[in-house]
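Please keep the sequence and the model in view while working through the points.

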Amino acid sequence: MSETLKILLADDHAMLIESIAGRLGKEEDLEVISRVHNADDAVQVARETRPDIVLMDIDLPGQASFDAVRQIKADNPDTHIIFLSAFSSDRYIEDALQSGCSGYLTKDESMEVVIKAIRSAASNGSYYSPRVRERLVVDPEKGLTLEGSGSTKASSLTGRELEVCRYLAQGMSKKEIATRLHRSIKTVDKHVENLMRKLEIHDRVELARFAIREGLIEP
């Protein structure tokens with residue numbers, strides 16, 4: 001690890017990413033080397049720049065963020081990933097842990113906490129927001145894992161299906177979802193078909209209720 005930590009920021013909210021970059025830039029040991037706004041660019045830029053830390057929104061356009069993290073880690077195992085999320089649903093936490101991340105922060109955390117998490121990850125530690133940490137357990141075989149993992153219907157969904165579920169529950173059209181994900185409408189149709197079948201749900205009202213129960217959207 002270099003003396004100054006190189007950080008890649010990945011978030012599609014311009015004001016947020018600039019705010020984070022501005023605050024991190026005040027720390028002598030932290031350097032924001034690049035900002036990207038989708039998961040595909042995060043993979044490419046991480047491959048080119050080999051950052052020490054990637055601070056990544058869990059909900060990005062392009063490929064699923066969890067898949068992007070796995071690719072980043074495959075390209076450079078020394079890069080540490082910290083997820084940022086407005087959501088703390090079990091499935092998101094479970095997928096984040098399985099991707100090999102070093103932290104999961106909810107977006108209501110202060111910048112002081114974000115900085116603490118970055119330094120902890122760079123020292124081969126980890127950091128999780130309190131409402132995430134309280135749901136984690138140490139499994140003798142699997143290591144850090146989610147308590148009661150795999151016990152909900154949401155656990156049957158892939159990361160991409162979970163994203164599509166949330167967008168549908170928010171009222172987005174399939175065309176809007178396809179644009180958001182940089183995928184074809186045909187691909188989105190397939191995801192919708194799969195998640196409706198797995199959840200045994202047949203309309204958006206039921207889907208919205210499910211998404212609220214699972215913490216995927218705000219009530």
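This is a predicted model: local features need pLDDT of at least 70, side-chain atom pairs count only at pLDDT 80 or more; totals for chains, interfaces and linings use all residues.

1. Arg209 is found in helix α10, which covers residues 204–213. Helices here are DSSP runs of H or I with at least four residues, strands are DSSP runs of E with at least two, and both are numbered from the N terminus. Arg209 counts as exposed because its relative accessibility is 53%. The terms are set as follows: buried means under 20% relative accessible area, exposed means over 50%, and partly exposed lies in between, with a 1.4 Å probe and protein chains only. Arg209 and Ile185 are separated by 24 residues in sequence and by 24 Å in space, C-alpha to C-alpha.

2. Residues are numbered from 1 along each chain as its sequence is written, and side-chain values use heavy atoms, with hydrogens and water left out.

3. The protein as a whole comes next. It has 10 helices and eight strands. Its C-alpha trace spans about 55 × 40 × 30 Å along the principal axes. The radius of gyration is 17 Å, which agrees with the value near 17 Å for a compact globule of 219 residues. This radius is taken over C-alpha atoms, and the globule rule is 2.2 Å times the number of residues to the power 0.38.

4. How much of the protein counts as buried? Of its 219 residues, 52% do. The accessible surface comes to about 10500 Å², and carbon and sulfur atoms account for 48% of that area. Accessible areas come from the Shrake-Rupley method with a 1.4 Å probe, and for residues only the protein chains shown count as cover.

5. Contacts also describe the fold. A contact means heavy atoms within 4.5 Å. Among contacts between residues at least 6 apart in sequence, 64% join residues at least 24 apart.

6. Regarding charge, the protein has 30 positive and 37 negative side chains, and the centres of the two sets lie 4 Å apart. Lys and Arg count as positive and Asp and Glu as negative, whereas His and the chain ends are not counted. Each charge is placed at NZ of Lys, CZ of Arg, CG of Asp or CD of Glu.

7. The structure holds zero disulfides. A disulfide is a covalent bond between the sulfur atoms of two cysteines. The criterion used is a pair of cysteine sulfur atoms within 2.5 Å. Cys101 counts as buried because its relative accessibility is 11%. Cys165, at 0%, is likewise buried.

8. The buried residues of α4 are Arg91, Tyr92, Ile93, Glu94, Asp95, Ala96, Leu97 and Ser99. Just after α4, Gly100 takes a positive phi of about 95°.

9. Which backbone angle should be noted at Arg50? Arg50 has a positive phi of about 50°, although it is not a glycine. Arg50 lies in the loop between α2 (39–49) and β3 (53–57). With a relative accessibility of 44%, Arg50 counts as partly exposed.

10. His182, also not a glycine, has a positive phi of about 60°. The residue is found in the loop between α8 (174–181) and α9 (185–199), and it is partly exposed at 46% relative accessibility. Leaving aside neighbours within four places in sequence, His182 is in contact with Asn38, Asp40, Pro61 and Gly62. For Pro61, the separation from His182 is 121 residues in sequence and 6.6 Å in space, C-alpha to C-alpha.

11. Two further positions may be located on the model. Lys190 lies in helix α9 and is partly exposed, with a relative accessible area of 45%. The C-alpha atoms of Lys190 and Lys107 are 31 Å apart, and 83 residues separate the two along the chain. Pro130 is found in helix α6 (residues 130–133) and counts as partly exposed at 43% relative accessibility. Between the C-alpha atoms of Pro130 and Ala86, 44 residues apart along the chain, the separation is 14 Å.
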